[in-house]
Amino acid sequence: MSLLPLAGTTLVQPVADGWQLILAALSAIAVIVALITLVKVHPFLALIAGAFTVGAVAGVNILADPDTGTGVLPSFAAGFGSTAAGVGILIVLGAMFAKLLADSGGADQIVDTIVGHASPRMLPWAMALVGAIIGLPMFFEIGLVLLMPVIYLVARRSQLSLITVGIPALAGLSAMHGLVPPHPGPLVAIGALGADLGTTLALGVLVAVPTVVVAGPLFGRLAGQWVDVPAPSTFDADVRDEAGAVRRPSFAVTLFTVLLPVALMMGKAVADIAVDDKTQPVRRVLDLLGEPIFALSIALVVAMFTLGKSSGMDRAALSKVTGASLGPIAGILLIVAAGGGFKQVLVDTGLGTLLAEWADDANISVLLLAWVLAVLIRLATGSATVATITASSLMVGLVDGLSTGETSLVVLAVGAGSVFFSHVNDAGFWLVKEYFGLSVGQTIKSWSIMETVLSVSGLVFVLLLNLVI
């Protein structure tokens, strides 16, 4: 995923009165939930209906306004297209990679090693660690796609709930995404507030570790009792005949292949931090290799040899395996892209700006205000990145006179608020729902509440650090 969504931090001005925008957002969310849960409409269609509801209640034109060019359809199309172009391509590449991992026996090899060296009680902790390591250089969506086949098999082999195993991994991914640079959200906040990158990185890790523990293994145990679902068969290995591959790739080879895109993206992140000159040859090479789409493409090609060829697949088998990976993710692609379209419609009404201005007028501490701003914008727009950009922009005038450490804590407070309660206006909500095979209600009881626990825990640990900084 490129950094295009981060270009510019100009705030969208509200298109209607505050009460009207609040009513528009609440009405749209109610329509989406009712259509999916009561009428049993497909989420793709429900999200489109929600976007039209926002326009109707907020008084926004359906078609592009002749003067301003704004409208529900242009906003929805822009959000749909940008999400499909960024997340969609990554989902496709990740699905092909995951199918190769499953059919070659590589996923089984990882699972056998993990299960063989960890008791069922320790598996959620191991998954949280894996999620955090994978999530350090990766966007949430990429890490989720790469981890899903492992999450499925660990849950199935260990006889634990898919939620008990999956929530810790999701917590690790999400915490890194919101709290730790070089993810774009924290980087934008660091740049806007003039925080020190090294200090923020160190404090971010200090906050992220206990936050992942609380929101991951501890909450996952509880969520697994609330929501008990079997692992879907999305990435199950196909039945192989005797002429097919019978050799598993080794654990070392499999781990190398899985971590290759992580290493490539980490190299880009380190280069971006260590080398200021964007035209420097080494940085340009690392920037290319570490671009997520390029990194996953390289990893997919490598996997065809290290996982496919080494396990006995010929060219016909490789083509069949990669092609078979696309069918199960078609619905996921459409729903996630539609979620991006709905989010963009909300963003373009200026609701996030309105809520930010309301919170800015409140007389509360700087850290709590930063968190509240990000929470309100996150709830309104569904985007952690938009919440971070907007909240940090509004906090610029409030960090003057703060120490280096205190400014970094403001960045982390914004990051913690930006992941609060993911719901139907967040493309990530639909990604988790479809990958885990959950209903809307089950997704809220597991994923949404986990994000809330993560956000609140992050704030608590930021406030505790503030006592000694």
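Helices here are DSSP runs of H or I, at least four residues in length, numbered from the N terminus. The model is predicted.

**Two loop residues**

By that numbering, K40 sits in the loop that links α1 (18-37) and α2 (43-58). F421 belongs to the loop between α18 (404-417) and α19 (427-436).

**The core**

The largest nonpolar core holds 133 residues. L144, L170, W430, Y435, F436 and M450 have the most contacts inside it. Helix α6 (residues 140-158) gives the most to this core: 13 residues.

What does W430 touch, leaving aside residues up to four places away in sequence? Its partners are I32, I36, P43, L47, I335, V336, G339, V424 and V440.

**A helix pair**

Helix α3 (residues 72-103) and helix α12 (residues 292-308) have axes that come within 9 Å. The axes cross at roughly 10 degrees. Angles under 35 degrees count as roughly parallel, so α3 is roughly parallel to α12. On the α3 side, the contact includes A85, I89, L90, L93 and M96. On the α12 side, P292, I293, L296 and S297 are among the residues that make it. By type, the contact residues are 16 nonpolar, two polar and no charged.

How values were computed: Residues numbered from 1 in each chain as written. Predicted model: local features only at pLDDT ≥ 70, side-chain atom pairs only at ≥ 80, totals over all residues. Heavy atoms only, no water. Core = buried A, V, L, I, M, F, W, Y, C linked by side-chain atoms within 4.5 Å. Buried < 20%, exposed > 50% of the residue type's maximum accessible area, 1.4 Å probe, protein only. Contact = heavy atoms within 4.5 Å. Axes fitted to C-alpha atoms, helices over the stretch in contact; angles between N-to-C directions. Parallel < 35°, antiparallel > 145°, perpendicular 65-115°, else oblique. Nonpolar A, V, L, I, M, F, W, Y, C, P; charged D, E, K, R; others polar.
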